[in-house]
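Subject: Structure for you to look at

Hello,

Please find the structure below, with my notes after it. Keep it open while you read.

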Amino acid sequence: MAGFKSDFMRIVHERGMVHQCSDAGRLDMLLATGVRTAYIGFDCTADSLHVGHLLQIMLLRWWQQCGHKPIALMGGGTTKVGDPSGRDETRQLLTAEQIDANMASIKKSFSNYLRFGSGPTDAVMANNADWLDTLLYIPLLRDVGRHFSVNRMLTMDSVRLRLERDQPLSFLEFNYMVLQSYDFVELFKRHNCILQMGGSDQWGNIVMGADLGRRMAGADLFALTSPLLASASGAKMGKTAAGAVWLNPERLSPYDFWQYWRNTEDADVGRFLRLFTELPLGEIKRLEALEGQEINEAKKILATEVTRLAHGGEAADRAADTARRTFEEGARAETLPTIDVGRSRLAAGVAAFELLHEAGLAESRNAARKLIRGGGARLNDKPIPSDAELIKDGDLDASGTLKLSAGRKRHVLVRAV
């Protein structure tokens, strides 16, 4: 955008990645005059990040691409507390072992987006348990807690909305913003980190962290948030009938990930190309202008480019080729997601709704029944006539497989073993 001197500020504003930014002019000046450090925090509540985190990861990627140092902060400490933002109920507390296992798995989500190492612009993976686990309660209250106004904390959305709905907010959760703010101070001291980024629901917490840095360390810190995303029809990003759209391939195959983006609504194609790919803006403008059936070509490019970043070029090309052969040539591509089912079970007959659920094509057995009754479930490309239908070994082809489908675009092979 005109007026910005730094590549990062120009690019993220051009692409619509910024919702709010504190003192954008001064931050732009600092970015234009040297290598700077920024961070985003990710709690370890599951063993994979999902599409809802993808915009944050892209911000870190652009930060590094523009010659600066990104920090991916793992919430090994804050996950023990639980972020109340956007929730009506207390998060389930995880054990230290569960958090460590989740953290180890989450790290794989970043491998294709960021370059890690010891160089001046190489990314760093930090863990806030390194400093939060060693805090003593009385010193924390004296050194950190005295800088927080309870009156102000009560106005934060994460607290206010919970209280307005008469939903319980534990004292543990109430402390989350104190710990998140302290993270900013520690990362400034350890890495000279001057910027925290996050979703727009984190604005209050980030600003409080910048204020704490000023009070405790005399630091000049900045906040930048991205917009919270929904599709053009209002659907929440990263959710499907089968559940979350995970980034780790163990949770969701690259093919299903590709399909999620291929199914983007027409009105979202241009916006998603700007946010989630690195295609030049001129090319994006051409693609989003396509109409009718031609917009499907833009969706395939979107799906392939996003999958290339998340899973690598080989996986992206394989997913695109599988889709082409499955849908355009009518082939039963061997690279479709596959589940194994005992041949003896099939010999006795397995309820179609049961198998649809096991294959990940429906989030529950009831959802699978509804899918069948609505005419959206297929066995070997033919509609499943009834939710009482049994799938048997006679439905297998010569290679010992059968194909289950939810709609026209989601398919799983079932292999008898």
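Predicted model: local features only at pLDDT ≥ 70, side-chain atom pairs only at ≥ 80, totals over all residues.

Strand β3 (residues 69-75) and strand β4 run parallel and are joined by 4 bridges.

β3 and β4 belong to an open sheet of 6 strands with mixed pairing, in the order β1-β6-β5-β2-β3-β4. The edges are taken by β1 (20-21) and β4 (124-127), and each has a single partner strand, so one side of each has no neighbour in the sheet. As background, the strands of a sheet pair through backbone hydrogen bonds, and they do so either parallel or antiparallel.

Which helix lies across β2, β3, β5 and β6? Helix α3 (residues 54-65) does, and it runs at about 160° to β2 (37-43). The other ranges you need here are 193-199 for β5 and 222-226 for β6.

D23 is found in the loop between β1 and α2 (24-32). Its phi is positive, about 45°, although D23 is not a glycine. N192 is found in the loop between α10 (176-191) and β5. N192 is also a residue other than glycine with a positive phi, near 55°. With a relative accessible area of 47%, N192 is partly exposed.

**The sheet of 5 strands**

Another open sheet has 5 strands, again with mixed pairing, and its order is β9-β15-β14-β11-β12. Here β9 (338-341) and β12 (382-383) stand at the edges; each has a single partner strand, so one side of each is left without a neighbour in the sheet.

β11 and β12 run antiparallel and are joined by 2 bridges, with R378 opposite P383 in β12. Strand β11 (residues 377-379) is joined to β14 by 3 bridges, and these strands run antiparallel. There, L379 has L404 of β14 as its bridge partner. β14 in turn is joined to strand β15 (residues 410-416) by 6 bridges, also antiparallel. In that pair, L402 stands opposite V414 in β15.

β14 and β15 form a hairpin with 3 residues between the strands, and G407 takes a positive phi near 70° in it.

Is strand β14 (residues 401-406) mostly covered or mostly open? It is mostly covered, since 6 of its 6 residues are buried. This holds for both faces: T401, K403 and S405 are buried on one side, and L402, L404 and A406 on the other.

Which residues make the nonpolar surface patch? They are Y137, I138, L141 and F171, and the patch is about 460 Å². Helix α6 (residues 137-143) gives the largest share of the patch, 3 residues. L141 is found in this helix. Because its relative accessible area is 42%, L141 is partly exposed. That value also passes the cut-off for a patch, which takes residues with over 30% relative accessible area and no salt bridge.

Regards

Notes:
Residues numbered from 1 in each chain as written. Heavy atoms only, no water. Patch = residues over 30% accessible without salt bridge, like charges linked within 9 Å, V, L, I, M, F, W, Y side chains within 5 Å. Areas by Shrake-Rupley, 256 points an atom, 1.4 Å probe, with all protein chains shown as cover. Salt bridge = Lys/Arg side-chain N within 4 Å of Asp/Glu carboxyl O. Buried < 20%, exposed > 50% of the residue type's maximum accessible area, 1.4 Å probe, protein only. Pairing = 2+ DSSP bridges. Contact = heavy atoms within 4.5 Å. Axes fitted to C-alpha atoms, helices over the stretch in contact; angles between N-to-C directions.
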